[in-house]
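Biologist: I'd like to learn how to read a protein model, one feature at a time. Can we go through this one together?

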Amino acid sequence: MIPTQAIPHLTAVGALFATLSVGLAPADRMPGNVAVVDGKLSEWKVELSTPAIAAGTVTFSIVNAGSIPHGFEVEGQGIEKETPVIQPGATAALTLNLKAGTYEVYCPVGGDSHKMLGMDTHLTVVGTKSSGSPRNGNAGMSPSHMAAMSLASALRSAVQSIV
Ligand SMILES: [Cu+2]
């Protein structure tokens, strides 16, 4: 399996997303944006920055915070992709196009031994609603939803200025 390579200039954008996307429901993500999920590997856990994300292109930004080599694999909905082995203190990235469904995220190192020791978690990918214009249909939105939309707009502007 050939892992997708990291895109260096997206690192800053990823950090921004990781910081600002916390308050947004998955459905508020606009089509075309690349979502970033941070993954942290250690003995014996796989921790993700979010348990759920909207369908689409997702970049996993992974750090091995443990003291032995680990790996990162995403499996589900016909997808099975993994990073190369990540040395302690090193990072890796994996970009996948995920459709709605539940995915298992685990460490494939050591056969299934790391997984059995607890390096196993799940990611839920939520389908996006419609492909209509996000500017329409504001009538039924709650104030908090409107605030989230404004934040999403601000985030897009910030990202564009970085890139
Ligand atoms: Cu491991």
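Biologist: Let's start with a pair of strands: which residue in strand 6 stands opposite Val 74?

Modeller: Two quick notes before that. Residues are numbered from 1 along each chain, as its sequence is written. This is a predicted model, where local features need pLDDT of at least 70 and side-chain atom pairs count only at pLDDT 80 or more, while totals for chains, interfaces and linings use all residues. Now the general idea: strands of a sheet pair through backbone hydrogen bonds, either parallel or antiparallel. Strands here are DSSP runs of E with at least two residues, helices are runs of H or I with at least four, and both are numbered from the N terminus. Two strands count as paired if DSSP finds at least two bridges between them. In this case, Val 74 faces Lys 81 in strand 6. Strand 5 (residues 73-76) and strand 6 (residues 79-82) run antiparallel, joined by four bridges.

Biologist: What do strand 5 and strand 6 form, and how many residues lie between them?

Modeller: They make a hairpin, with two residues between the strands. Have a look at Gln 77 in that loop: its phi is positive, about 50°, although Gln 77 is not a glycine.

Biologist: In what order do the four strands of the open sheet come?

Modeller: The order is 2-1-4-7, and the pairing is mixed. Strand 2 (45-48) and strand 7 are the edge strands, each pairing on one side only. Strand 1 and strand 2 run antiparallel, with four bridges between them, and Leu 41 sits opposite Val 46. In the loop between these two strands is Trp 44, and the peptide bond from Glu 43 to Trp 44 is cis, with omega near 0°.

Biologist: How many residues has the largest nonpolar core?

Modeller: A nonpolar core is a set of buried Ala, Val, Leu, Ile, Met, Phe, Trp, Tyr and Cys residues joined through C-beta atoms within 7 Å. The largest here has 26 residues, and those with the most contacts inside it include Leu 41, Phe 60 and Phe 72. Among the strands that supply at least two residues each are strand 1 (35-42), strand 4 (56-64) and strand 7 (91-98). Two residues are in contact if their C-beta atoms, placed from the backbone, lie within 7 Å. Beyond its neighbours within four places in sequence, Phe 60 touches Val 37, Gly 39, Phe 72, Ala 93 and Leu 94.

Biologist: Why does Asn 64 count as buried?

Modeller: Asn 64 counts as buried because it has 24 C-beta neighbours inside 10 Å. You'll find it in strand 4. Its C-alpha atom is 6.2 Å from that of Thr 91, 27 residues apart along the chain.

Biologist: What pLDDT does the protein chain average?

Modeller: pLDDT is the predictor's confidence in each residue, from 0 to 100. The average is 78, and 58% of the residues score at least 70. Over residues 14-29 the value is below 50, though that stretch has 32 contacts in the model beyond near neighbours in sequence.

How values were computed. A residue is buried if 20 or more other C-beta atoms lie within 10 Å of its own, exposed if 12 or fewer, and partly exposed in between; C-beta atoms are placed from the backbone.
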